[in-house]
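I am opening a notebook page on a structure that is new to me. I want to look up a few places in turn and write down what I find.

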Amino acid sequence: MRPLTEEETRVMFEKIAKYIGENLQLLVDRPDGTYCFRLHNDRVYYVSEKIMKLAANISGDKLVSLGTCFGKFTKTHKFRLHVTALDYLAPYAKYKVWVKPGAEQSFLYGNHVLKSGLGRITENTSQYQGVVVYSMADIPLGFGVAAKSTQDCRKVDPMAIVVFHQADVGEYVRHEETLT
Amino acid sequence: MGRKLDPTKKEKRGPGRKARKQKGAETELARFLPAVSDENSKRLSSRARKRAAKRRLGSAEAPKTNKSPEAKPLPGKLPKGIFAGAVQTAGKKGPQSLFNAAQGKKRPAPSSDEDEEEEDSEEDDVNHGDHWGSEDDADMVDDYGADSNSEDEEEGEELLPIERAARKQKVREAAAGVQWSEEETEDEEEEVTPESGPLKEEEADGGLQINVDEEAFVLPPAGEMEQDILAGPHAPAPDLQRVHKRIQDIVGILRDFGAQREEGRSRSEYLNRLKKDLATYYSYGDFLLGKLMDLFPLSELVEFLEANEVPRPVTLRTNTLKTRRRDLAQALINRGVNLDPLGKWSKTGLVVYDSSVPIGATPEYLAGHYMLQGASSMLPVMALAPQEHERILDMCCAPGGKTSYMAQLMKNTGVILANDASAERLKSVVGNLHRLGVTNTVISHYDGRQFPKVVGGFDRVLLDAPCSGTGVISKDPAVKTNKDEKDILRCAHLQKELLLSAIDSVNATSKTGGYLVYCTCSIMVEENEWVVDYALKKRNVRLVPTGLDFGQEGFTRFRERRFHPSLRSARRFYPHTHNMDGFFVAKFKKFSNSIPQSQTGNSETATPTNVDLPQVIPKSENSSQPAKKAKGAAKTKQQLQKQQRPKKASFQKPNGTSKGADSELSTVPSVRKTQASSRFQDSSQPAGKAEGIRESKVTGKLKQRSPKLQSSTKVAFLKQNAPPKGTDTETPAVLSPSKTQATLKPKDHHHPLGRAKGVEKQQLPEQPFKKADFQKQNDTPKGPQPPTVSPISSSRPPPAKRKKSQSRGNGQLLLS
């Protein structure tokens, strides 16, 4: 377990900022304690200091996880966000997309969101903007990238993709192994 | 051509059609018929021979009929005309002749011989392996042995089974009930063969109609059971209906054994039979079934076995970090799930009756609003009651249900270290904890036994030990057969090691904690009470109430073992009584961080913390030896329990310093040592020094042994106080005795009180001695003591308790 280097921090923050923008600051400066990011086995964990102190006693090969895993760095040092970060992205998300009940299941299986399944979308979403996907009951389902800007979404035909799928909560069941 | 060559008789050979043609019944059957005895063969007609052949082939069915006859080899050849007569006793001739008349059947005399042969060959012993399979469980009565014999006789002839049955039918119809009864009595008197009753199926058939109510269940002869095994692959498969009926019969008989037993059969025979039948019917291995029979009374046993065939209802636990139970229930109902709150003991549980959607894949599940968890798995966490901002260790956390429950009770504050020894199962822990939004957890992959070394000093520890799984047979039926003695002992050994490690990882001086919950999903005493008792002996812990107000109490004795009486505060749950998986929960409180050394001969000083209320201990017998006795240990524990209140305070205060003292005493065996009391006595004297006390103690006043426990507690207390006080060892010594009883007062108060009490105390020891004598054999501490300290009291806030206990303690001291 080690703190992130500058470079890694930059890459990661850039990625996260795509979804929550400047609210990122809220993740770091929290009123209820100091939180930090730590790197362990190529994965980035978001954890409070108190917990990190306890984890420091555990040897590296025996430590499996601490706090919340945000994502991992790939071999080429790109950062990939996992669905486990959803709990922190959802409350601070700037651009949101709501899907209709019929399209929920499809998204949870890893498919992209089509225009026919689109319920609502935040105004002035630009293309390729990171978005968080919700169900109509305001339950966060995952996140992705807007394939079309809001205006384009209105114009496009029903079978067109409007949100590229990146992560969804169905992965807890489908990809349990990749979480660790 | 030679004269011997007869073309008509030439046997066709080869693969052609003619070779396959049958040659005629006689020749065909000759292959099957055994080398026939001369006389018999001469007399047999062709039909008779066929029947004999058939009978030999189908000897499985035949045996029962032969049973009775075999015992008495047929005297000569009875004319077949008297089919009944073929039966053993001549006395039966009369009734048999009736049968004969009724049947009008004539049998060639030789057939009786054949019967005889068959019968004899088939069973020289009474045991008909096949019998029990085919016999009618309802009609195992020997009463009709004679009749059966007679009937058997008939069957002894080479009858097809169907012919036999027909004949029997006729006999029964013809024979009025009177005849039957007459024969019965005769048969009973004459009956020689044991339990031929169960043998004859035919009898049973006939008897069934008439006598099904009257006849008592007759235990198949002991030999039958062995025969079952010997019969091997050719034995007919046991008829489950029959087995089930027999099970019920035997249970009924055993319930009222005196009245319903069959003469000459012992209880153990019935039990053995029952055991085999249960093993057959429910597919259990012998070992496990034997263990279950020891554990449950018979009526409960059957219920338990039945309950294991059926899965428990699906339950889930609301994740209060993300939602509320009522909202979740609403959302799930909207999806088409039929559910209800779990019970008033749980605020977050829901039970699912049925569901139109897969309950483990709803969007609410994926969003982490609930977790599928067995009802019994919620209990240990409720017992542990983790508070916010505590440090908790979960030693065997997979798949993470209990860990997440603890996190939600703590509202994501504090830290939980979730550990498991299995890497694959850890993946599900990671997944579950992330899904449920738990953020205060660190997940590690250690063997639980390494624990205090890696990191220790936790406020609370939860140990859900790996076990044999005998409480969750409904989830995993393989447990029925693949567990045996070695497995259980291996599990128990591992559990003991884990429990000791867990105890060592708890920080006894924690302000808000110092608790450990040990739980298993097993109902075996070796894995539950025995392990807990072991820990009580080996470490400075005591059992406290779990806070669960339902469930069966733990055992304090089981067969030849005796456990500490505080085990009554542990809880057992069964599938058939509580409709949840079999479970065992025990909650410990650690009262000292020191580890008692294993008993050595001389140093029997109790660890400081052990000193508590002086209690008259029936240890007088133990006192005679420094060796720790289990009983003594038990007693000590009792004392310890009594002193929950005082201990708490003392722990918290002197703990830091008392470590020093503890180290001194570390050589002392655990409290149970009777000598601790001796120490106390020394300390009560102005001698002052702990060591001094100890040494003098060894020489010991034997008579003071019994109060030893009391004094030991006091001494322990003393020791605790001593280091903190530093200066005045005497005072603490004095103080501690009084204090122990009184409660853990802050040290400040101790001085003035202590002195006065100390004086008193010194006198008191005498009293305890006397009382000890009286109460030698009492397992429970003296009467006056319990009021002050009862296990339940531990749950009350210490300060309030202290006052009470103080006064009471004083009173008790005087009394004692």
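Leaving aside neighbours within four places in sequence, which residues is Ser404(B) in contact with? Working in a predicted model, I looked this up and found Arg317(B), Met371(B), Leu433(B), Leu436(B) and Val438(B).

I then noted where this serine sits: Ser404(B) is found in helix α22 of chain B, which spans residues 401-409. With a relative accessible area of 1%, Ser404(B) is buried, because the cut-off for that term is under 20%. A polar atom of the Ser404(B) side chain lies 2.9 Å from the backbone oxygen of Gly400(B).

My next entry concerns Asn419(B), which lies in strand β6 (residues 415-419) of chain B. Asn419(B) also counts as buried, at 0% relative accessibility. I found a polar atom of its side chain 2.7 Å from the backbone nitrogen of Tyr446(B). Not counting residues up to four places away in sequence, Asn419(B) touches a list of residues that includes Asp394(B), Cys396(B), Cys397(B), Ser444(B), His445(B), Tyr446(B) and Phe451(B).

Last, I turned to a pair of helices in chain B, α2 (residues 25-32) and α4 (residues 46-57), which pack at an angle of about 35° with their axes 10 Å apart. I recorded the crossing of α2(B) past α4(B) as left-handed. On the α2(B) side, Ala25(B), Glu26(B), Leu29(B) and Phe32(B) take part, and they meet Ser46(B), Arg49(B), Lys50(B), Ala53(B) and Arg56(B) in α4(B). Sorted by class, this contact has four nonpolar, one polar and four charged residues.

Terms used: Residues are numbered from 1 along each chain as its sequence is written. Chains are lettered from A and ligands numbered from 1 in the order in which they are written. This is a predicted model: local features need pLDDT of at least 70, side-chain atom pairs count only at pLDDT 80 or more; totals for chains, interfaces and linings use all residues. Side-chain values use heavy atoms; hydrogens and water are left out. Axes are lines fitted to C-alpha atoms, for helices over the stretch in contact, and angles run from 0 to 180 degrees between N-to-C directions. Helices (H or I, at least four residues) and strands (E, at least two) are DSSP runs, numbered from the N terminus. A crossing is left-handed if the near helix is turned anticlockwise from the far one by less than a right angle, and right-handed if clockwise. Contact means heavy atoms within 4.5 Å. Ala, Val, Leu, Ile, Met, Phe, Trp, Tyr, Cys and Pro count as nonpolar, Asp, Glu, Lys and Arg as charged, and the others, Gly among them, as polar. Buried means under 20% relative accessible area, exposed over 50%, partly exposed in between (1.4 Å probe, protein chains only). A polar contact is a pair of N or O atoms within 3.5 Å; within protein, one must be able to donate a hydrogen and the other to accept it, and residues adjacent in sequence count only if both atoms are side-chain atoms.
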